[in-house]
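Open the model in your viewer and keep the selection panel at hand. The stops below go from side-chain pairs to strands.

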Amino acid sequence: MIGSISRRAWMRAALALAVLAAGLLPVPAVAQQAPGTAAGTTPGARATVARLNEAILSLMREAAGREPARARLQRFLPVMLDTFDLEAALRVAAAPYFDQSAEPEKRQALDAFARRSAAQYVDRFDSYDGQRLEIVGERPAPRGMLLVDTDLVRAGKTPVRLSYLLRPEGDRWRILDVLAKGTVSQLATQRSEFQNTLRGGGLAALTRDLNSNADRILGGA
């Protein structure tokens with residue numbers, strides 16, 4: 001139990017937030033016939049998550065080897081840009097300000113969002129002691145999306161569940177949201193986090209905050 005609410009109830013609530021947020025986006029043209037196999041698995045979605053998992057393990061190994069945070073970020077950022085649909089996520093997290101802004105402001109905000117997001121992974125995955133990341137299953141989600149469950153396996157400890165919410169994009173899949181411990185929606189958290197800044201100064205203020213936060217994580221400007 002988490003407080004008086006079951007873990008399953010928290011899972012449903014977190015997923016509802018993610019799906020509600022995704023409802024602000026258009027349904028992809030392929031959503032009604034998502035790519036998969038007759039056996040009920042979706043290789044494209046699993047390949048996306050597997051690539052991210054390998055990059056996370058590399059972050060951890062590089063941190064153990066004392067590689068500077070900025071060098072790790074430079075290697076991880078291209079993987080994040082490829083595996084995550086960061087523009088779709090920011091459109092949701094910064095709604096309605098993102099869509100109301102001029103194109104140059106959108107691009108600057110997206111660059112800052114990508115940099116801050118990658119910096120958070122560098123900060124969180126900063127040690128290695130034989131951990132493994134294992135894809136343990138997948139489940140259909142509303143609006144043609146898919147949940148892919150991954151366990152962070154640690155010796156002598158309970159595995160940590162990461163559930164990735166992916167949406168189809170043509171013939172591939174990209175990550176829209178992450179449910180940490182299977183319950184906490186990253187996208188819902190970001191949306192809540194950004195609102196005060198957006199109300200006070202719009203998308204430009206959010207861009208400044210994201211870049212400043214990334215600099216703090218990485219150890220200064």
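Is D99 buried or partly exposed? D99 is partly exposed, with a relative accessible area of 45%; the classes are buried for under 20% relative accessible area, exposed for over 50%, and partly exposed in between (1.4 Å probe, protein chains only).

Before moving on, note that this is a predicted model, in which local features need pLDDT of at least 70 and side-chain atom pairs count only at pLDDT 80 or more, while totals for chains, interfaces and linings use all residues. Residues are numbered from 1 along each chain as its sequence is written, and side-chain values use heavy atoms, with hydrogens and water left out.

R91 is partly exposed at 21%. The count of salt bridges by this rule is 15.

Next, select R139 and D149, whose side chains make a salt bridge of 2.6 Å, N to O. This pair links distant parts of the chain, ten residues apart: R139 is in strand β1 (residues 132–141) and D149 is in strand β2. Strands here are DSSP runs (E, at least two residues), numbered from the N terminus. R139 is partly exposed at 30%, whereas D149 is buried at 6%.

Now select D151 and R161, which meet in a salt bridge of 2.4 Å, N to O. Here D151 belongs to β2 and R161 to β3, again ten residues apart. D151 is buried at 12%, and R161 is partly exposed at 28%.

Select strand β3, residues 160–169. Seven of its ten residues are buried, so the strand is largely enclosed by the rest of the structure.

L147 has L165 of β3 as its bridge partner. Six residues separate the two strands of this hairpin, and G156 in the turn has a positive phi of about 75 degrees.

On to β4 (residues 172–180): β3 and β4 pair in the antiparallel sense over eight bridges. L162 stands opposite A180 in β4. This hairpin has two residues between the strands, and G170 takes a positive phi near 65 degrees.

Finish at S185, in strand β5 (residues 184–185). S185 is buried at 4% relative accessibility.

Definitions and conventions: Helix = DSSP H or I, 4+ residues; strand = E, 2+ residues; numbered from the N terminus. Pairing = 2+ DSSP bridges. Salt bridge = Lys/Arg side-chain N within 4 Å of Asp/Glu carboxyl O.
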